[in-house]
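Work through the exercises below with the model in view. Try each task before you read its solution.

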Amino acid sequence: MSGMGFAIDEIVVPSSVDGPDADFIAMIGVRNEVEEQILGTTVLSVTPAGVLPYFANNVNRLRRHFVARVDDVIVARAILGWPTAEGAVEARINVDVLAEYRGSGLGSALLTLVEAEAIALGRTVLQSDQPHAPRPGGPRIPSPTGFGDVPADDPGVRFAVRHGYRLEMVTRISSLDLAGAAGLAREQLQAAQEQAGADYRVVTWAGATPEDRLDDLAALRAGMSTDAPHAGIEMAPDPWDVERVRAHDERQRATGRVKLTAAAEHVSSGRLIAFTEIEIEPGEAPPALQEDTLVLRSHRGHRLGMLLKAANLLHLLDVAPDATVVTTYNAEDNRPMLDVNEALGFMPIGLEGSWQKRVGIDCAVI
């Protein structure tokens, strides 16, 4: 497919980044550069080797990857992903175009292509998460949740609206400078322990989930699709079992990252009822990413979110004392978790809009 001086083709995810095919590495480079152009920071950059295992297909998620070239140089990418769960109708779409090539029709061509592929698969709900610069002032598009908004003149916002997508939710991107973070984390941990009382205890581990905790982690991970805030984003229940947790842990291990988990055990039952995770990139002064956090609904109101996040931050500083920064994503309508992060010292660095379009329905501009 070609036009206006660019060519679009599908690439195959390699088995290793050490092979002769450099397309995957170039595609990740575009992803990093676009995010830096939008947010003005590199703290969210990823390495090709570090994300390669997540790009490969598995029984729960399938993906296709497209790139656009100008003069044989990859300058844009599009990803189509979809869950295989029974009853799922959604497809995830991401389009990234280097700033100097925006406005050429390249992004629209990529989006049109992947939308058509999604519809051919029978997917009727198209979704996309896009980073947006946190510019103050000017016209805004509010989230229908009533929490957060995005700048209407942001290029990514204009692109989504022009192509019929509706803003469903705004997510805050935050970071924590780990220099001096330990003292505050200890204070918050002690206060949270006092409120949680003797009914709960914290357990931590690095790497794969212990065998005796696999059933509980499967239930908690399944809860991420049913109990975490998703606003109007349509999402089929995402089933997890012990084998899927093992496979997930193995993919994570293959990235070279270290995964740190803190979980809350309900003492009387012996079951894990909450968890949180941090992943650390390999290398010197590694950045870290705060991943999933969930407290089962029946155990909320005991400051377990703070208990686990503070405990895992101290776990991180113990395992990787040279780590420099932690980044995290939280829905703006998830005020309890934002309160936890703010109390630990996280500061906002950007926004992410969750956009959605239902096939055949004319999505009104908010």
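The model is predicted; local features need pLDDT of at least 70, side-chain atom pairs count only at pLDDT 80 or more, and totals for chains, interfaces and linings use all residues. Residues are numbered from 1 along each chain as its sequence is written, and side-chain values use heavy atoms, with hydrogens and water left out.

**Exercise 1. The overall fold**

Task: State how many helices and strands the protein chain has, and compare its radius of gyration with that of a compact globule.

Solution. Start with the elements. The protein chain has 9 helices and 15 strands. Helices (H or I, at least four residues) and strands (E, at least two) are DSSP runs, numbered from the N terminus. Next, take the extent. Along the principal axes, the C-alpha atoms fill a box of roughly 65 × 45 × 40 Å. Now apply the globule rule: 2.2 Å times the number of residues to the power 0.38, with the radius of gyration taken over C-alpha atoms. For 366 residues the rule gives a value near 21 Å, and the protein chain has 21 Å, so the two agree. Finally, 52% of the 366 residues are buried. Buried means under 20% relative accessible area, exposed over 50%, and partly exposed in between (1.4 Å probe, protein chains only).

**Exercise 2. The aromatic pair**

Task: Find which rings form the aromatic pair, and classify its geometry.

Solution. The structure holds 1 aromatic pair. The rings belong to Phe24 and Phe55; their centres are 5.3 Å apart and their planes stand at 85°, so the pair is edge-to-face. The rule: rings of Phe, Tyr and Trp (its six-membered ring) pair if their centres lie within 6.5 Å; planes under 30 degrees apart count as stacked, over 60 as edge-to-face and the rest as tilted. Now place the partners. Phe24 is in helix α1 and Phe55 in helix α2 (residues 48–55), so the pair ties together parts 31 residues apart in sequence. Both Phe24 and Phe55 are buried.

**Exercise 3. Charges over rings**

**Exercise 4. Positive phi**

Task: Locate Asp71 and Asp72, and decide whether each is buried or exposed.

Solution. Begin with the background. Most residues other than glycine have a negative phi. Asp71 has a positive phi of about 55°. Asp72 has a positive phi near 70°. Asp71 sits in the loop between β3 (61–70) and β4 (73–83). Asp72 lies in the loop between β3 and β4 too. Asp71 has 70% relative accessibility, so it counts as exposed. Asp72 has a relative accessible area of 71%, so Asp72 is exposed.

**Exercise 5. The second largest pocket**

Task: Describe the volume and lining of the second largest pocket.

Solution. The volume is about 570 Å³. Of the 32 lining residues, Val97, Arg102, Pro155, Gly156 and Phe159 are the closest to the pocket centre. On a 1 Å grid over the protein atoms alone, a pocket is an open set of points where a 1.4 Å probe fits, with protein on both sides within 12 Å along at least five of seven lines; lining residues have an atom within 4 Å of a point. Which element gives the largest share of the lining? Helix α4 does, with 6 residues. Elements that each supply at least two residues include α1 (23–39), β5 (90–97) and α4 (155–162). By type, the lining has 15 nonpolar, 11 polar and 6 charged residues.

**Exercise 6. Sequence and space**

Solution. Ala236 lies in the loop between α6 (214–223) and α7 (242–254). Gly353 belongs to strand β15 (residues 347–358). At 0% relative accessibility, Gly353 counts as buried.

Conventions. Grid points are joined across faces, edges and corners, and a volume is the space filled by probe spheres set on the points. Ala, Val, Leu, Ile, Met, Phe, Trp, Tyr, Cys and Pro count as nonpolar, Asp, Glu, Lys and Arg as charged, and the others, Gly among them, as polar.
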